[in-house]
Amino acid sequence: MIRVLKAFFPAVLLAYVVASLFATQTVLANLGDLGVPVPMAVRLEASLHDLMGMTAYLLLILLAFVLAMPVAAGLVRAHRAPGSRLFWFTLAGFSGMLALHLIMREVLGIWVVAAAREWDGLLLQCLAGALGGWLFAVISKARPASA
């Protein structure tokens, strides 16, 4: 259980950091497409601001992972195949983020993370979840007992 918890929180944190950075940079890229100049200093400042300010999003990602990772663990147990841990946990992270955004859109009637309004931004958010799921699979893998 401790092994799982030691993997869970870094996985959620990685998903959050990557999702936050993707969201910020997607919005800034959209501004650039409109002809608004966005210097590197502004990109860095906005990224740091969003990392520190989107803590509610961190909690939502935590909730998505709380729901998705046990499902993946059950699928890992059911499908004992080489590499299946990486596949199922990565897919769970991706799917958890997708479900999070789609559910928030349906319940609240808005895209809570502006970058997720377009397909490319939504897929980047899901990629962040997939990276978190991948990290969970890597860290939580049972280590063989040393003799």
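Modeller: Helices here are DSSP runs of H or I with at least four residues, strands are runs of E with at least two, and both are numbered from the N terminus. The model is predicted, so local features need pLDDT of at least 70 and side-chain atom pairs count only at pLDDT 80 or more, while totals for chains, interfaces and linings use all residues. Residues are numbered from 1 along each chain as its sequence is written, and side-chain values use heavy atoms, without hydrogens and water.

Colleague: Is V112 buried, partly exposed or exposed?

Modeller: V112 sits in the loop between α4 and α5 (119-140). Buried means under 20% relative accessible area and exposed over 50%, with partly exposed in between (1.4 Å probe, protein chains only). V112 has 41% relative accessibility, so V112 is partly exposed.

Colleague: Which residue has a side chain joined to that of H101 by a polar contact?

Modeller: H101 belongs to helix α4 (residues 84-108). H101 has a relative accessible area of 1%, so H101 counts as buried. Beyond four places in sequence, the contacts of H101 (heavy atoms within 4.5 Å) include W111, L122 and Q125. The polar contact (N or O atoms within 3.5 Å, one able to donate a hydrogen and the other to accept it; sequence neighbours count only through side-chain atoms) spans 2.8 Å, and the partner of H101 is Y57.

Colleague: How many residues does the largest nonpolar core have?

Modeller: Among the residues with the most contacts inside this core are Y57 and F89. Two or more residues come from each of α1 (2-33), α3 (55-78), α4 and α5. The core, a set of buried Ala, Val, Leu, Ile, Met, Phe, Trp, Tyr and Cys residues joined through side-chain atoms within 4.5 Å, has 33 residues.
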